[in-house]
Each structure stands twice: as structure tokens, then as C-alpha cells.
Amino acid sequence: LTPSGFINSKGFKHDSHSFSVSAGVLHAGAGEPPAMLQNEDVRFTSSSIKLPLFSPPHLHLRTPNPFFANLHLVVQNFPKFPHPFRQNLNPTAAFLRTLSKFQHPFHQKFNPQNAILQFLRKPIIPFSWNLSNTSPLLCCASIALSQSNLDDSAPSLGTKTGSGNEERVLISEVLVRSKDGEELERKDLESEVLNALKACRPNSALTVQEVQEDVHRIIASGYFCSCMPVAVDTRDGIRLVFQVEPNQEFHGLVCEGANVLPARFIEDSFRDGYGKIVNIKRIDEIISSINGWYMERGLFGAVSGVEMLSGGMIKLEVSEAEVNNIAIRFLDKTGEPTVGKTRPETILRQLTTKKGQVYSMLQGKRDVDTVLAMGIMEDVSIIPQPAGDTGKVDLVMNVVERKSGGGISAGGGISSGITSGPLAGLIGSCAIYHKNLFGRNQKLNLSLERGQVDSVFRIIYTDPWIEGDDKRTSRSIMIQNSRTPGTLVHNQPDGSLTIGRVTAGIEYSRPFRPKWNGTAGIIFQRAGARDDKGSPIIRDYYSSPLTASGNTHDDMLLAKLETVYTGSGDPGSSVFVFNMDQGLPVWSDWLVFNRVNARARKGLALGPMHLLLSFSGGHVVGNFPPHEAFAIGGTNSVRGYEEGAVGSSRSYVVGCGEISFPLMGPVEGAVFADYGSDLGSGPSVPGDPAGPRRKPGSGYGCGVGIRVDSPLGPLRLEYAFNDQRTGRFHFGVGLRN
């Protein structure tokens with residue numbers, strides 16, 4: 001017999017297949033008469049077969065906002081990850097279709113003994129048992145076929161039962177043997193075979209289909225690489241022997257191609273099977289867990305092959321698609337290629353995906369978010385494409401730039417420093433800006449804010465990523481002239497006091513750990529007080545000094561350090577901020593002091609409700625301007641009090657607890673309680689501005705409020721009572737500082 005070019009019923013060509021023809025005698029059991037004639041027995045066996053590698057279905061994934069933020073992942077042409085199973089493989093159906101081509105073994109001149117042997121001699125195609133569509137390990141169930149030349153006149157050993165043409169043959173005995181016909185050394189394996197049998201029992205009448213199904217079940221147990229049912233005619237009837245070949249014992253693992261998959265993960269997956277018979281089901285579970293590891297991380301990787309080597313070694317092959325090249329393609333709004341204003345290297349350095357890395361869809365999504373956060377792109381997408389036959393992937397990032405990098409904006413806001421007047425706290429603003437200077441994503445902003453009392457003119461130049469730096473360091477240069485109310489500390493009966501500041505400085509900022517950002521800078525400031533006519537003054541209504549130097553203004557050069565931790569970035573997530581300002585004595589009359597300030601916020605989910613805890617505190621050492629004292633009380637401090645009405649201090653602590661709960665749609669309700677204290681440091685502020693104003697130095701407030709989600713952040717309307725039994729409405733935008 002020659003197996004060359006043999007294709008099974010599913011169209012899969014066997015890579016290795018062997019047939020053996022031997023001459024011999026089908027012997028009966030011990031003590032049985034040698035009634036059998038000498039014939040040529042035909043035995044079909046099959047070694048492991050390999051099927052064409054599986055290609056996953058074409059995918060076209062465009063990730064919509066907000067979940068995947070315009071990440072377009074088109075993988076129709078992506079290199080296929082091999083898999084040894086095709087989705088449409090159904091071994092049982094293939095087997096039955098093959099049987100349907102053979103002449104039915106039972107006919108009018110029915111001889112049960114001859115009939116079952118006639119069935120067993122049919123050249124049935126060896127079949128594979130597919131445990132699941134994802135199992136890349138394949139075992140082959142082989143059927144050994146033998147026939148003795150018996151004529152139809154042999155005595156009947158079975159009965160005809162069932163309906164129609166379905167015939168049954170009586171089996172007197174069922175045994176389990178090794179492939180050589182010997183008893184199995186391991187009785188636990190014999191028990192596995194017997195437990196798998198459903199129809200094949202001693203003294204049972206069986207059909208051909210039932211024998212086939214039990215062979216399937218034996219292979220499906222996962223412990224055997226072949227199973228051959230052999231019928232033997234004895235004086236007591238027909239003995240059905242299942243000759244099985246157990247899998248090897250597992251003694252080692254060879255893993256190839258797994259560059260990002262942790263070695264410990266693989267070791268832990270296979271550890272419990274060491275020294276035991278390899279079970280195909282367990283291998284299938286391990287492969288699923290490995291593929292799941294890649295899927296959870298969005299990595300382009302999967303198990304592509306498993307092979308059992310001699311000596312109990314398992315060879316595991318993993319395919320990982322590495323990034324071969326990354327290109328930027330500028331498109332217009334119609335999708336046609338165009339010339340971009342932004343330098344490609346400015347975009348490329350924003351990406352965390354680099355050449356040689358295994359491509360991750362999650363990492364690609366973060367890169368898309370990062371490029372969109374530059375503020376100069378209208379749409380961004382990533383398209384992976386096969387890099388020839390290398391098994392790698394080329395990434396093309398399509399970007400659509402905004403029409404113009406510059407413009408004019410106008411808006412408004414609320415200042416917390418004004419507590420009286422018909423237009424209390426309202427501020428109007430306008431700005432001229434450019435977001436993409438020189439095509440390097442550098443930004444220039446000139447803004448003016450004007451309110452009832454407030455006014456701020458500011459020029460800021462920002463380079464989000466200094467060229468040549470690999471730490472994502474940004475640089476900001478700022479010049480500002482501002483006038484703000486002085487009522488937070490030195491509230492006057494006529495409310496006419498303002499603080500003027502001229503500020504210039506430079507700051508450098510960069511991330512130094514995940515979710516952590518650091519800032520360092522140096523700032524020069526000249527500050528002084530003025531009355532309602534704009535004339536400089538050095539004392540307030542209560543004759544308290546308004547400057548630390550005794551002059552009309554104070555000069556200071558401050559070294560600034562700041563550390564910020566942000567959790568998930570969602571509203572109510574964890575936040576921690578610590579900053580320190582140190583006055584440098586460059587000139588003798590420049591102020592020298594040290595100021596530290598910290599604040600923290602933590603959100604906790606309590607079923608449908610949400611608990612928000614916040615804390616802030618600070619301390620100042622040295623000679624500092626009185627108007628720089630910590631102001632306690634107000635919308636973002638202790639609610640129920642006016643702004644700064646609790647105290648003006650050198651040290652302070654403020655704590656808040658708030659529970660919010662959904663009401664309807666974007667509206668939430670809230671209950672809260674606040675407490676603040678100056679820790680007895682109010683009199684130590686130069687001039688003791690809190691003393692003559694009879695600020696209590698500590699206080700608490702509690703109340704209720706509603707929250708409404710908006711593009712600007714939560715809109716807060718609250719009403720609170722303080723410990724002096726007075727109530728007050730508060731309105732704010734965003735979460736508490």
C-alpha cells in the first residue's frame with residue numbers, strides 16, 4: 001500500500017503517514033481451538049499528523065471614542081498566526097462521510113461474526129480528535145483492522161436488533177491492552193480507558209457507530225496518542241480489545257519565540273505535569289492561558305505549534321509580531337494624502353511603541369491618546385501591515401491636523417476672592433494663542449483676564465518636550481502682571497485693598513515614575529498692596545503691615561519644587577500634590593522664607609455611592625509677606641464660612657468628607673462635612689491680620705449639595721451651616737482643590 005498523496009476527507013494532507021502489511025495468523029485466546037485460517041492481516045497505523053496552520057478570520061477594528069479614542073486597527077493583511085486547527089474541522093462528520101462510501105457490512109445473508117470482521121477490515125481513514133478549536137496539539141486515533149477468511153456459513157454469534165438496517169453484534173468480552181497486545185503496566189491508564197467507554201461493555205450488542213464513538217471517547221480523555229479496536233473470535237464469542245498507546249511522560253519543555261512572555265509564567269503552567277503522562281486536555285488549557293496572557297495585554301502573539309519530542313520533551317512554539325517600521329502619513333479631511341505642518345519626528349517621539357517591540361494594541365491606543373493630547377490633531381489612527389514575509393509588522397499612523405494651529409478664544413470664570421458686589425467674582429477673559437510653533441508642538445499664549453477687581457495679563461511659552469531630551473522634559477517661560485483682591489487675609493470694611501504682583505520665571509517638568517510628575521523652577525516676584533485708587537499702601541485699615549520689608553513692595557526670588565501624583569485621572573481618583581518654595585537671599589533686602597504645602601484626595605466606591613476624602617496642610621518658616629498667609633474658609637476650604645473667614649495663619653490643616661449619590665441622569669446629590677484649623681499660628685503672621693478681624697482660628701461646616709456633570713467639570717451648588725449657626729450658599733466648578 002502506498003500512502004503518497006493521500007488527502008483525508010477534510011482536504012488536509014498528512015505530513016507523515018505509514019501503512020504496514022504483514023502476513024500472520026489471527027490467534028484465539030489460550031485454550032481455544034485453532035479454527036482460524038492463516039490469512040494476510042492488514043493493519044493500518046498512523047503517526048502524528050500535522051494540519052495546515054490556522055489563519056484567524058480577517059479583522060477590521062476601528063476603536064471608537066471614548067473607549068479606544070480613534071484607534072484604527074486594520075488587520076486584514078496582518079501576518080497570520082499559525083494554528084493547527086481549522087474552525088470547520090469536524091472529525092466525527094468526516095469519519096461518518098467516509099464510512100458512507102463503503103458498502104454496508106450487513107446484508108440479507110447476515111452472519112454476525114463475518115459481518116463485524118468485514119467492518120474491521122475496511123480501510124477507514126485514521127482520524128484526529130479535535131478537543132477544541134484552539135487546541136494546537138493533535139493526536140491520532142488509529143484503527144487496527146484484521147480479517148480472517150470466513151465464509152458466510154459460519155455460525156452466528158450475534159443477534160439482529162434495532163430498527164431498519166441497524167445491526168448489532170454481541171460482544172462477550174472487552175479488554176484493554178497496549179499497542180503490542182500486552183497488559184498495560186499502569187492500571188490507572190486502563191481505568192481511564194474503561195471509564196471512557198460508554199457502549200462497549202461485556203455481553204452487549206454493539207453497532208459499528210457505537211464502537212467508533214467509544215474510540216473517540218478514549219482519545220478525548222487526553223492520555224493516549226492512538227487507539228486500535230481489534231476483534232478476536234473466541235469459543236465464548238467475540239472479544240473486543242482496545243489496543244492503546246499512552247502519551248509519553250513529561251520530562252522537559254523547550255519554548256521558542258517567546259520574547260515577552262515571562263519564563264516563570266510558562267514554568268508555573270507546566271510544573272504540575274512534570275513526571276506525569278502528558279494529557280492533551282491539560283496542554284490545551286495551558287495553550288489557552290498563554291494565548292489569554294497575550295490577549296489581556298493586547299499583544300500580537302499566540303502559540304503557533306506544539307510538538308512532542310523523544311524523551312518526554314515538549315516543544316512549544318510561540319509567534320510574536322515585532323514592529324519593523326513606523327511611518328507617519330498626513331491626510332486631509334477627505335482621507336487623501338497631504339503635506340503636514342508638523343514635523344514627523346515631533347510625532348514619532350511621542351510614541352511609546354518602538355521598533356523591535358512586540359506590537360501591542362493597548363500600547364497603540366495609548367499612543368493615539370498621547371498624539372491627540374498634543375492638541376494639534378483632529379484625528380489619529382494606526383494601521384498595522386505585514387512587513388513582507390518576515391513575520392513582523394509595519395505601522396502606519398494616519399494623522400489629520402487641525403485647520404490652524406493658532407486662534408483667538410474668549411471665556412469667563414469666577415473668582416473666589418470677591419465676596420460682595422452685584423457682579424461678585426465674575427471674570428471675563430480673552431486669549432491669542434498658537435499651539436504648533438515651528439511644527440514642533442511648541443505653544444505660545446497671550447491672555448488677559450478682567451473682573452470687577454481682578455486683572456491678569458500673562459504671556460506663556462511652553463515647549464512640551466525639549467528637543468534632544470529623552471526624559472520627556474518640558475519647559476515653560478512665564479511673564480505675568482496681576483492684581484487680585486486682598487480680602488482673603490486683609491479684608492477691609494470698604495473692600496478696597498488689592499495685591500499687585502509682577503512675576504517672571506522658568507519651570508522644567510517631567511515624569512519620573514508612572515503617574516508621578518516633578519517640577520522645578522525659579523521665579524522672581526515683586527508684590528505690594530494698593531488702595532482703590534491704585535496708590536501703594538503699606539498698612540491696612542487696622543494698621544497691620546501689608547509688606548514684610550516695610551517698603552511699598554517686597555522682592556523675592558523663589559526656588560520651586562513640586563511633585564504630583566495622579567491616579568487613573570478620573571474625577572474623584574487619588575491625587576497627591578506636594579510643593580515647596582524657598583526664598584533665595586540674592587540681595588540683602590530680598591525675602592528669605594520656606595513654605596511647604598501638601599494636599600491629598602482619595603475616592604472610594606460604596607455601592608452606588610461614592611465617598612471622597614480630602615486633606616490639605618501647610619507651614620511657613622521665615623520672613624514672608626502677610627498677604628501670603630494661608631487663608632482658611634470658603635468654597636474650597638471650610639464651607640459655611642466666607643472666603644478666609646476662619647483664619648489667616650502660618651500653619652494650617654483642612655479636612656473634608658463627602659458622600660455623593662446618583663439622583664437622575666447627570667445630577668448627583670451630596671452630603672459633606674469640613675473642618676479647618678490654623679493650629680494656633682494666626683498671631684505669628686506679621687501684623688496678626690486675623691486678630692483684629694476676630695477670626696476664630698478653627699471651625700467646621702456641614703451641608704448638602706447637588707452636582708451636575710458638564711464639559712467644564714462638575715458644577716457644584718451647595719448650602720452649608722457652620723459651627724456659629726450661620727448658613728451660606730457656595731457655587732463652584734470642578735472638584736475641590
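This is a predicted model: local features need pLDDT of at least 70, side-chain atom pairs count only at pLDDT 80 or more; totals for chains, interfaces and linings use all residues.
## Nonpolar cores

The largest nonpolar core holds 23 residues, and those with the most contacts inside it are Cys 200, Ile 218, Cys 227, Leu 240, Phe 242 and Val 244. At least two residues of this core come from each of β7 (169-178), α3 (187-196), α4 (208-220), β9 (224-234) and β10 (237-246).

Another core, of 20 residues, lies apart from the largest one, and Phe 300, Ile 326, Leu 351 and Met 397 are among its members.

## Paired strands β21, β22 and β23

Strand β22 (residues 498-513) pairs with strand β21 (residues 474-485) in the antiparallel sense over twelve bridges, and within this pairing Arg 483 has Gly 500 of β22 as its bridge partner. Strand β22 also pairs with strand β23 (residues 516-530), again in the antiparallel sense, over 15 bridges; here the bridge partner of Glu 507 is Gly 521 in β23.

β22 and β23 form a hairpin with two residues between them, and Lys 515 in the turn has a positive phi of about 75°.

## Two arginines with positive phi

Most residues other than glycine have a negative phi. Arg 694, however, has a positive phi near 55°, and this residue is found in the loop between β32 (667-677) and β33 (698-708). Arg 694 counts as exposed because its relative accessibility is 77%, where the cut-off for exposed is over 50%.

Arg 725 likewise is not a glycine, yet has a positive phi of about 65°. Arg 725 lies in the loop between β34 (715-722) and β35 (727-733), and is exposed, with a relative accessible area of 79%.

How values were computed
Residues are numbered from 1 along each chain as its sequence is written. Side-chain values use heavy atoms; hydrogens and water are left out. A nonpolar core is a set of buried Ala, Val, Leu, Ile, Met, Phe, Trp, Tyr and Cys residues joined through side-chain atoms within 4.5 Å. Buried means under 20% relative accessible area, exposed over 50%, partly exposed in between (1.4 Å probe, protein chains only). Helices (H or I, at least four residues) and strands (E, at least two) are DSSP runs, numbered from the N terminus. Two strands pair if DSSP finds at least two bridges between them.
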